Amino acid sequence: MQSTLTVPEAGRLHVAIIMDGNGRWAAARGRPRTAGHRAGARAVRRAVEAAVEIGLGTMTLYAFSSDNWKRPANEVSTLLGLFRDYLRGQAARCLERGVRVRVVGRRDRLPADVLAAVGAAEVLTAGCRKLALRLAVDYSARDAILGAASRVRPEDAGSLDRESFARLLDPAHPDAGAAPDVDLLVRTGGERRLSDFLLWECAYAELCFLPVMWPDFTRAHLEAALSDFASRERRFGALSRAASA
């Protein structure tokens with residue numbers, strides 16, 4: 001199904017989502033937190049399908065933060081297992097729909113089976129161009145910025161520009177170029193914070209905080225966020241059109 005939503009230059013938009021509320025969704029139903037994460041995985045599939053149909057250019061999903069290692073071992077195991085299973089089960093569909101999968105974040109702490117699923121999905125979808133799907137796993141924006149700074153060569157420090165620095169943020173994909181800045185950041189679950197997610201890329205992002213828990217997130221919620229985004233005037237530090245006139 002193609003979207004009837006009209007978003008100017010949708011193909012150039014980068015939408016990032018902090019998928020929050022799985023645990024609270026489960027608790028409200030008297031179920032374990034892991035049940036919420038499984039329901040959240042189904043919401044991921046809906047969101048990616050909607051992004052393709054709407055015609056977005058890039059979508060980044062916050063799947064597992066570096067701080068999530070602090071959670072109980074069984075919950076961490078469930079989260080990583082769901083991520084592995086998503087890649088195994090959806091890679092072929094991503095290829096079919098033109099979705100290129102990339103994983104951003106640390107890889108040295110991921111289990112071998114998860115790493116294998118990451119590599120297979122990235123290789124399989126490398127030629128896809130319809131949607132760039134970035135999955136942030138074991139990800140910390142502050143760590144990414146620190147890592148990029150450590151990779152700046154002393155002889156380049158004086159002439160380094162923002163775009164060149166941005167390319168250093170994702171060492172796993174050195175030839176992919178810098179990810180585009182985030183245009184719209186959506187957070188579900190009712191919380192209003194960035195939680196160490198894409199701090200560099202969100203410098204001028206429009207922010208949308210939704211009360212809906214992530215497992216209940218649908219295409220309609222994404223379209224509503226994009227409609228709100230389309231109504232905003234983005235000035236990037238300049239004067240508004242009214243003030244300029």
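Start by colouring the protein chain by burial: 48% of its 245 residues are buried (buried means under 20% relative accessible area, with a 1.4 Å probe and protein chains only). You are looking at a predicted model, in which local features need pLDDT of at least 70, side-chain atom pairs count only at pLDDT 80 or more, and totals for chains, interfaces and linings use all residues. Residues are numbered from 1 along each chain as its sequence is written, and side-chain values use heavy atoms, leaving out hydrogens and water.

Next, switch to a cartoon view. The protein chain holds eight helices and six strands (DSSP runs, numbered from the N terminus: H or I of at least four residues for helices, E of at least two for strands).

Zoom out for a moment. Along the principal axes, the C-alpha atoms fill a box of roughly 55 × 45 × 35 Å.

Now select residues 219-230, which form helix α7. Its 12 residues reach 16 Å from the first C-alpha to the last, close to the 16 Å expected at 1.5 Å a residue (the expected span is 1.5 Å times one less than the number of residues).

Within α7, show the side chains of Arg219, Leu222, Glu223, Ala225, Leu226 and Phe229, its buried residues. Where do they sit when seen down the axis of α7? They fall within an arc of 160°, so they line one face of the helix (the arc is that of the directions from the helix axis to the C-beta atoms).

Terms used
Buried < 20%, exposed > 50% of the residue type's maximum accessible area, 1.4 Å probe, protein only.
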